Amino acid sequence: MFSLILKDILVSKKILLFGAAFITLMTILGVPEGAKDLAAGAIIVGVVYMGMVLSSSADETNKADILLNSLPLKRYEIVLSKYISIFVYSAIGIVFYLLFEVLIKLIGVPVIVYPITFNSIAYGFLLVGFLNSLYLPLMFKFGHNISRVFYIFFFVFFFLSISYVEKLVGKLAGSSWLQNISSFIMSQSDVVKMFFIIVFAFILLTISYLLSVRFYENREF
């Protein structure tokens, strides 16, 4: 299991360059005040996206599935390694953001870098969970070449709609059919709210994982 995760990390070393370029670009373009809690989350999403794309693309090019299935590995272990990689890439994204924040303070560049918070990490984890809970079942059923088209669409859609995410959340929280649930959640402390978000992301990923295992178990190579 550890070897599979390490393989994914090693073949996606380009995310180091991508992470630096992405953070710089977002800083230059600026993040709306209303979406400041999503700034670090967007970096996490970007780094996870690149990590998943690069590792899956390398697997497809090198026909890694045929090789891995000839080894004494269970298919659910191969699937699980991809899901654990999400957390590893997320950690890399958080470290990137923290280093960039420190660097900007040290050199004194007059740009706004919103501090990373528990809320921003929770939002990032929710978005990462949502995107990859859609992408990974498609990848394990159809392979990377087909599923990456959907992944690109999901990714681009997210960044085009980033400024509307909080407004949408606000509208959903105020709608009648969610009134009871949202009233209960909104009456909780920020820590409890973020706990609900993280639990929701875990539920999405768990359902997605079970679907991926089922698809991959039935796939022929």
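A nonpolar core is a set of buried Ala, Val, Leu, Ile, Met, Phe, Trp, Tyr and Cys residues joined through side-chain atoms within 4.5 Å, where buried means under 20% relative accessible area, exposed over 50% and partly exposed in between (1.4 Å probe, protein chains only). The model described here is predicted, so local features need pLDDT of at least 70 and side-chain atom pairs count only at pLDDT 80 or more, while totals for chains, interfaces and linings use all residues. Residues are numbered from 1 along each chain as its sequence is written, and side-chain values use heavy atoms, with hydrogens and water left out.

The protein contains 10 helices and zero strands; helices (H or I, at least four residues) and strands (E, at least two) are DSSP runs numbered from the N terminus. Of its 221 residues, 44% count as buried.

The largest nonpolar core holds 46 residues, and M52, Y83, I86, Y97 and L136 touch the most other members. Two or more residues each come from α2 (15–29), α3 (39–61), α5 (75–107), α6 (118–142), α7 (144–160) and α10 (190–217). Helix α3 gives the most, with 12 residues.

Two salt bridges were found in the whole structure, each being a side-chain nitrogen of Lys or Arg within 4 Å of a carboxyl oxygen of Asp or Glu. In one of them, D59 pairs with K82, with the closest N and O atoms 3.1 Å apart. Because D59 lies in helix α3 and K82 in helix α5, the pair ties together parts that are 23 residues apart in sequence. D59 is buried at 12% relative accessibility, and K82 is buried at 5%. E101 and K105 form a salt bridge at 3.7 Å, N to O. Here E101 is buried at 11%, whereas K105 is exposed at 63%.
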